[in-house]
Amino acid sequence: FSSCHSSVSVPYILRMERELHCPVCKEIVKQPVVLPCQHSVCLMCASEVLVQNGYPPPELPPEPNSPASTPNTRSPHQARRPMPSKADHRPIDRVLRSGFGTYLSPGRRRKEPPHAMLFPCPPCGREVELGEKGLTDCLRNLTLERIVERYRHTVSLGSVAVMCQFCKPPQSLEATKGCADCRASFCNECFKLYHPWGTPRAQHEHVQPTLNFRPKVLSCPEHDQERLHFYCRTCQRLLCPLCKLRRVHAGHKVAPVAQAYQTLKDKITKEMNYVLANQETVLGQITQLESAITQTEANSVAAREQLSQSVRDLTALLAERHASLTEALERARQKRGEALAGQVAERRSLLEHAGLMALSQELLKETDPPCFVQAARQTHSRLSTSIEGLQCFSLAADPSFRHFQLDVSKELKLLTDLQFIQAPLAPVIDTQKTLAYDQLFLCWRLPQESAPAWHFSVEFRRRGVVPGGGARGGIQGRLAAARWGWQRLEEVGGTSAVIDRLEMDSVYVLRVRGCNKAGFGEYSEEVYLHTPPAPVLNFYLDSRWGLHADRLVVSKEQRCARSVPGLSLLQAADLALTSCHLTADLLVGDVAITQGRHYWACSVEPGSYLVKVGVGLEAKLQEWFHLPQDMASPRYDPDSGHDSGAEDSLDSPPPFSFLTMGMGKIFLPRRSPTISNGNIPASSPTGLTYPLPPRLGVCLDFEKGRVTFYDAHSLRPLWEGPVDCSGPVCPAFCFIGGGALQLQELRLTFKGNFQL
């Protein structure tokens with residue numbers, strides 16, 4: 001302990017207090033236990049959290065009465081914790097092993113297992129499952145306790161003394177030694193008295209004086225007194241010999257704890273050295289972060305002012321609009337009021353002794369006919385109009401003003417949804433349309449609820465691998481990632497991008513994010529694309545040997561072929577009683593391969609009856625075409641990929657190598673002894689069928705005389721076999737019955753995922 005203490009400088013210890021805080025109480029941890037998520041919390045804090053989540057209060061050991069647990073340094077949660085009885089002085093490790101965190105509800109059968117406890121871990125931000133036994137399976141973090149003890153001792157600098165527990169008061173002396181076996185602190189005289197020379201007690205382990213004694217070693221929480229000698233890398237748990245024998249760890253990677261200790265210690269040492277060697281980078285990033293904080297404050301003030309200005313603009317616009325609408329409303333009120341007031345005046349003139357009626361009575365007193373007729377015409381017209389108004393009365397203006405009400409539901413919704421501009425959400429990669437050939441074609445779309453994007457940024461990098469395969473890990477993996485850094489295609493319009501100038505037989509990682517006025521949004525999920533294992537060969541379907549026009553049709557671009565059973569096939573079927581096939585139509589590529597490695601791909605329509613894809617010697621293919629009856633010969637059976645005499649002569653490779661597809665399946669012949677692929681089930685002596693991949697890839701190695709068939713979508717090998725390369729070799733395709741295939745375009749132009 002003293003050697004460890006002296007090896008750590010005081011400034012480093014004083015600066016690490018933040019790392020020693022409990023994530024629950026935000027104080028220095030006391031009696032920490034390790035959760036399954038590898039975070040450490042105070043035992044009492046963990047118990048309080050469980051109680052707050054509805055679990056019964058567990059039985060807790062007493063808090064240590066050490067100098068570091070004075071009221072000034074005690075956790076603020078401690079005042080609310082129920083203090084245990086003085087009779088309970090069991091050590092904490094025994095409490096953990098004795099069923100801490102387990103309970104049985106009243107009336108519950110013991111045979112029924114309890115529910116697993118869930119602990120909300122603050123650093124993880126999620127609930128961590130503790131298991132059925134609760135905190136019983138959580139081991140104490142003795143290493144962290146020792147670090148805390150050294151930190152407290154350094155901070156206190158001896159100002160708070162630990163007194164000897166065996167001196168009789170009032171002559172108690174300051175303790176100078178602690179005994180881990182006796183779990184007590186002694187002064188020099190008492191230590192000699194209780195540890196006589198030549199007795200077993202003299203061999204006890206000496207530690208610094210403290211009242212917070214811990215067990216010397218960790219023991220299994222399920223098997224008492226069993227030491228933890230093993231570490232399960234799969235479960236990331238310490239195991240005792242009995243736990244190792246359990247079925248749950250069968251097939252797991254279990255190593256001795258000493259080996260795991262050394263491995264982890266070496267990794268931490270390398271990582272520390274890497275960080276220490278890059279202190280300038282750390283300081284530069286700190287400066288950058290501090291500058292970012294300053295910019296954040298300044299930009300937040302500017303954004304707040306812009307927000308206030310936007311609200312002021314909206315308020316001014318609303319006030320202006322309010323004034324104009326109020327003016328229109330006032331004009332309408334005045335006009336309607338005048339119309340209704342005119343109607344009132346007109347009706348009042350019809351009263352018995354007022355207005356028009358009085359004038360009419362005086363007019364009737366006129367006795368001179370010419371004068372009466374001349375004066376009465378206008379009065380008669382007014383009376384007629386008034387009578388019509390009485391008989392068909394209606395208001396001259398609508399007093400309701402219903403159509404002057406504003407419908408602000410849309411505006412209120414817009415104001416309710418008023419938010420700061422949002423960056424686009426993470427795009428969704430279309431894995432069916434995204435593929436790798438001579439180029440990488442990436443296709444994506446934005447979620448419906450996403451804000452629109454002005455443009456996109458596509459990022460890609462080559463995945464680093466160690467020699468011999470396998471992804472790098474640790475510092476090597478980070479260095480490889482730095483070496484193969486992200487490359488970008490900036491300001492990509494649309495929702496697709498093409499990437500060229502690629503390395504062969506490499507895995508590329510791609511991701512994309514959108515950008516608008518708010519900046520860049522989140523990245524999409526990374527997608528991995530495997531480039532072909534050899535240069536892509538571009539060719540067209542060749543018809544120089546002639547075609548059966550009534551059965552086989554080749555497109556104008558010579559990239560697609562379709563076999564349609566016609567009258568000749570029906571006639572052949574009527575005449576044939578027994579046969580393995582009725583007719584076969586052969587197509588070859590317009591290239592002859594004489595050297596190197598080449599790769600190409602094609603897609604076969606799932607509804608095809610039988611289609612064969614492969615390679616063959618050009619001379620033998622011509623012979624097969626002109627003498628189709630040889631196809632039935634067992635010496636050249638394209639289904640098997642080799643002739644039937646291969647068992648007798650292993651040095652003579654077959655002239656053809658085909659894979660047969662049809663009715664949504666692909667037939668894989670007997671596995672070649674040179675290829676081993678764990679992704680494909682072990683083949684039977686007669687071969688097996690496999691679901692038809694969307695695209696089939698073919699790779700020919702002319703010098704080695706080998707052809708390999710791949711699932712072109714994932715570049716997973718399906719089958720490998722020999723082929724005779726003593727002469728020019730051609731890509732070949734054979735149709736038996738109805739079917740169709742299409743060669744993959746060399747230059748990727750999206751056509752609906754090559755649908756035929």
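A residue is called buried when its relative accessible area is under 20%, exposed when it is over 50%, and partly exposed in between, with a 1.4 Å probe and protein chains only. By that definition, buried residues make up 37% of the 756 residues in the protein chain.

The model on display is predicted, so local features need pLDDT of at least 70 and side-chain atom pairs count only at pLDDT 80 or more, while totals for chains, interfaces and linings use all residues. Residues are numbered from 1 along each chain as its sequence is written, and side-chain values use heavy atoms, leaving out hydrogens and water.

**The whole chain**

Helices (H or I, at least four residues) and strands (E, at least two) are DSSP runs, numbered from the N terminus. The chain exposes about 45800 Å², of which carbon and sulfur atoms supply 55%; such areas come from the Shrake-Rupley method with a 1.4 Å probe, and for residues only the protein chains shown count as cover. A contact means heavy atoms within 4.5 Å. Among contacts between residues at least 6 apart in sequence, 64% join residues at least 24 apart.

Select residues 177-179, which form strand β5. This strand belongs to an open sheet of 3 strands, in the order β6-β5-β7 with antiparallel pairing. The edges are β6 (184-186) and β7 (206-207), each with a single partner strand, so one side of each has no neighbour in the sheet. Two strands pair if DSSP finds at least two bridges between them; β5 and β6 are joined by 3.

**Second stop: two helices**

Next, select helix α10 (residues 355-364) and helix α11 (residues 369-391), which pack at an angle of about 150 degrees with their axes 11 Å apart. Axes are lines fitted to C-alpha atoms, for helices over the stretch in contact, and angles run from 0 to 180 degrees between N-to-C directions. Show the side chains where they meet: L356, L359, S360, L363 and L364 come from α10, and F372, A375, A376, T379, R382, L383 and S386 from α11.

Move to L529, located in strand β19 (residues 527-530). Is L529 buried or exposed? Its relative accessibility is 6%, and it therefore counts as buried. Setting aside residues up to four places away in sequence, L529 touches T434, L435, A436, L440, S506, V507, Y508 and L510. A distance can also be drawn here: the C-alpha atoms of L529 and R463 are separated by 9.9 Å, although the two residues are 66 apart along the chain.

Select the open sheet of 7 strands, ordered β21-β22-β33-β24-β29-β30-β31 with antiparallel pairing. Its edges are β21 (552-554) and β31 (716-722); each has a single partner strand, so one side of each is left without a neighbour in the sheet. From one strand to the next, the twist averages 20 degrees. Within this sheet, 3 bridges join β24 to strand β33 (residues 739-743), and C602 has L743 in β33 as its bridge partner.

Then pick T708 in strand β30 (residues 706-711). T708 is buried, with a relative accessible area of 10%. Beyond its neighbours within four places in sequence, T708 is in contact with G697, V698, C699, P717, W719 and E720.

**Fifth stop: the nonpolar core**

A nonpolar core is a set of buried Ala, Val, Leu, Ile, Met, Phe, Trp, Tyr and Cys residues joined through side-chain atoms within 4.5 Å. The largest has 44 residues, and those with the most contacts inside it are Y599, W600, V613, I666, L700 and F733. Strand β24 (residues 597-604) gives the most to this core, with 5 residues. A second, separate core of 26 residues includes L43, V128, L144 and Y151.

**Last stop: strand β32**

Finally, select residues 729-736, strand β32: 8 of its 8 residues are buried, so the strand is largely enclosed by the rest of the structure. In a regular strand the side chains alternate between the two faces of the sheet. Here V729, P731, F733 and F735 point one way, and C730, A732, C734 and I736 the other.

Which strands pair with β32? Strand β23 (residues 585-589) runs antiparallel to β32 and is joined to it by 4 bridges, with V588 opposite A732. Strand β25 (residues 610-617) also pairs with β32 in the antiparallel sense, over 8 bridges, and V611 stands opposite F735.
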